[in-house]
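Welcome! Please take a moment to look over the sequence and the model, and then let us walk through them together.

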Amino acid sequence: MISQKSIREIIETARIEDVVGDYVNLKRAGSNLKGLCPFHGEKTPSFSVSPSKNIFKCFGCGKGGDSVHFLMEHEQLTYPEALRQLAERYNIEIEETQTSSQNIQERQKQESLFLINQYALKYFQDQLFDTDEGKSIGLSYFKQRGFREETIRKFGLGYASKSRDAFTLKATTDGYKVDLLKSLGLTSQYGRDFFRDRVMFTIFNPSGKPVAFAGRILQKDVKAPKYINSPETDIYVKNKVLYGVNFAKRTIRKQDECILVEGYTDVISLHQAGIENVVASSGTSLTEGQIQLIRRYSQNIKILYDGDAAGIKAALRGLDMVLEQDMNVRIVLLPEGEDPDSYLQRVGTTAFQEYLDKEASDFILFKTNLLLKEAANDPIKKSQLIKDIVDSIARIPDPIKRSVYVKQCAHAVGVEEEILVVEVNKMVTGHIRRKRQKERIDERQKNRRQSGAAPPPSDWSGLSSQEPPPPSEEEGSNYADRPLPPQEQSRASASGDEFQEKDIIRLLITFGDQIFDPEDQLSVAAYILGNIEDVLDEFDNKQYEQVAKECYQRLLNKEEINPHFFLNHTDEDVRRLAIDILHPPFDFSPNWAEKWDITLQTQLNPEKNFTKDSIKSIERFKLKKIIRLCQRNQEKIRTMDFSDADELRKLLMVQQKLNNIRNELAKKFGSTVTLK
């Protein structure tokens, strides 16, 4: 087990903007950083990083936390695994409270799939470099492609021998379980090696861990597929992985552009030549998951095609989903008979890069010109191509961008702009209606699954015809239309005393360990809890009451009450509450001081004003609770038996004392209090 001292050092050292910046393209937004959330698909950035507080928060899906929790969510790691990864990155020596062998066994169990893939990677590379068969077949092939040894090792290239079960025997002898080898697709169901007599390509996830393999056969005229790939597993989902993204992500962010090619060797050749912002879709049509992965790093994508016109036309049909993600797509058509690898080898890096810059054409215009050539002077074909182009334009979320494309395409196809505008609007409305209908169906199916109800009939013709009209095109992509996550809903619906209660909890979580009174070394938590200990049972919100009482107990035990404790709380609801409080959706603009030289004159900045905040918050909180106690006591007086004079006298004395406290607190706020 990792010691608390090491955990604290790791969390304090790991800068949230650096860790998140490896996965998300962040841009400055006031004192915070913003980007597209890596945990759910979105078009408007709602993912925020606070460098000053060292935490992140998505206001779309609600996920948040520190750098450790970001890695846990993004890489599906356990808490110790995420800590170890950060410790390795920042060269922090971990202090253990368990024996080393116990920790090794635990990590091997937790990361078994990654460990086996890493073992397989090394095995294939050893076969490539250290065996006669691998050198003569595999290594010679890679060198013929122009790959240098450092490139071969960097990309995890290797060789699988002709033997039926050499890898499986070696792996099981070294202690790896055959059922795990089968689950990863390294061993077939018959106990033989899945990859045989092939050069091997390792597929990494964005963080650089091996998740799968692809094998290419070198023999010609053999009735076998040219490439075979690992099956999908718990760590490998093909439509969410891009080949080379682990090497390309930094350059993609830096250059704000991603180059997409088709094959593994294209990626490797371009990287070796210094063009590093390139990835491959691994021979498949681009998927929504892959598009979202690219969009984390850049909204600009340049796609290289080397096929004929018919092949390109088929590929273009799948690119409409890229437009739906509000990405900027450019197409480059390489010279006939060339692919990225061969053309680069022929003309060199500089000429290749110049060709890409010169020949890159906007996707919509490229598609328009391609279809116009195909239609020639046939009016029927031309009308069909116009509908095809209009459908693509209608998928673009930005209405201004749509308007520009309509104008350009109207001129290109020789049709009045007004006609295209009408058709685009019809299709936009249709897309939104179908999307909303699908969302309703998905929600109903989800509710049925959760309630255990029988599945709906396959015929959906019975859907109500009294559905609300589709939203306008602006509403379709408006961030404000998104449903709030549960924690935001609770905030929006807060009423009664919850605002005062939440302010007390905000102070405890944010400033609990700060010094309230330097003379007595009294902490903010000690001041607040010492003043409200008599009304701890009066919280309306049970979660706030739980936090306040837990803080009170920690205070009695002389334990720390600070943001770190709450951000790593064992109760997930408390942890999320801390994230909401520590990283609210709004922030103070730095321009008041930095640009206009206007600063607060009568009080400290909000992040340092916890002393005044604590005093005022306690007064408001106690006023609310005292008013409630007054009302309760007044009700007892109204309903009691007046024959009991002693009890009545006691209640009247209590009422007078409560009234005095209430009036004194109300006077501070200039309030008039009327009991019901």
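Which residues on the other side of α20 are exposed? They are Ile400 and His411. Keep in mind as we go that this is a predicted model.

Helix α20 covers residues 399-413, 15 residues in all. From its first C-alpha to its last it reaches 21 Å, close to the 21 Å expected at 1.5 Å a residue. Its buried residues are Arg402, Tyr405, Val406, Cys409, Ala410 and Val413. Seen down the helix axis, these buried residues fall within an arc of 135°, so they line one face of α20. Ile400 and His411, by contrast, are exposed on the other side of the helix.

Now step back to the whole protein. Its secondary structure comes to 30 helices and 16 strands. The protein has 676 residues, and 45% of them count as buried. If you take the contacts with a separation of 6 or more, 66% of them are accounted for by residues 24 or more positions apart.

Next, find helix α6, which runs over residues 112-130. This helix has 19 residues and reaches 26 Å from its first C-alpha to its last, close to the 27 Å expected at 1.5 Å a residue. In α6, 14 of the 19 residues are buried, so this helix is largely enclosed by the rest of the structure.

Glycine 215 sits in strand β8, residues 210-217, and counts as buried at 0% relative accessibility. Leaving aside residues up to four places away in sequence, glycine 215 touches Phe195, Arg198, Val199, Met200, Lys226, Tyr227 and Ile228. Glycine 158 is 57 residues from glycine 215 in sequence, yet the two are 9.2 Å apart in space, C-alpha to C-alpha. The second stop, glycine 430, lies in helix α21, residues 417-451. Glycine 430 is buried too, with a relative accessible area of 9%. Between glycine 430 and alanine 394 there are 9.5 Å from C-alpha to C-alpha, with 36 residues separating them in sequence.

Then there is the backbone to consider. Most residues other than glycine have a negative phi. Aspartate 197 is not a glycine, although its phi is positive, at about 55°. You will find aspartate 197 in the loop between α10 (178-183) and β7 (198-204), where this residue is buried with a relative accessible area of 16%. Aspartate 326 also has a positive phi, near 60°. The loop that holds aspartate 326 lies between α15 (320-324) and β13 (328-333). With a relative accessible area of 17%, aspartate 326 is buried.

Our last stop is a pair of helices. Helix α25 spans residues 542-556 and helix α27 spans residues 572-582. How do their axes cross, and within what distance do they come? The axes come within 11 Å and cross at roughly 90°. Angles of 65 to 115 degrees count as roughly perpendicular, and α25 and α27 are therefore roughly perpendicular to each other. On the α25 side, Gln543, Tyr544, Gln546 and Val547 take part in the meeting, while α27 brings Asp573, Val574 and Leu577. By class, this contact has 4 nonpolar, 2 polar and 1 charged residues.

Definitions and conventions
Residues numbered from 1 in each chain as written. Predicted model: local features only at pLDDT ≥ 70, side-chain atom pairs only at ≥ 80, totals over all residues. Heavy atoms only, no water. Axes fitted to C-alpha atoms, helices over the stretch in contact; angles between N-to-C directions. Helix = DSSP H or I, 4+ residues; strand = E, 2+ residues; numbered from the N terminus. Parallel < 35°, antiparallel > 145°, perpendicular 65-115°, else oblique. Contact = heavy atoms within 4.5 Å. Nonpolar A, V, L, I, M, F, W, Y, C, P; charged D, E, K, R; others polar. Expected span 1.5 Å × (residues − 1). Buried < 20%, exposed > 50% of the residue type's maximum accessible area, 1.4 Å probe, protein only. Arc of directions from axis to C-beta.
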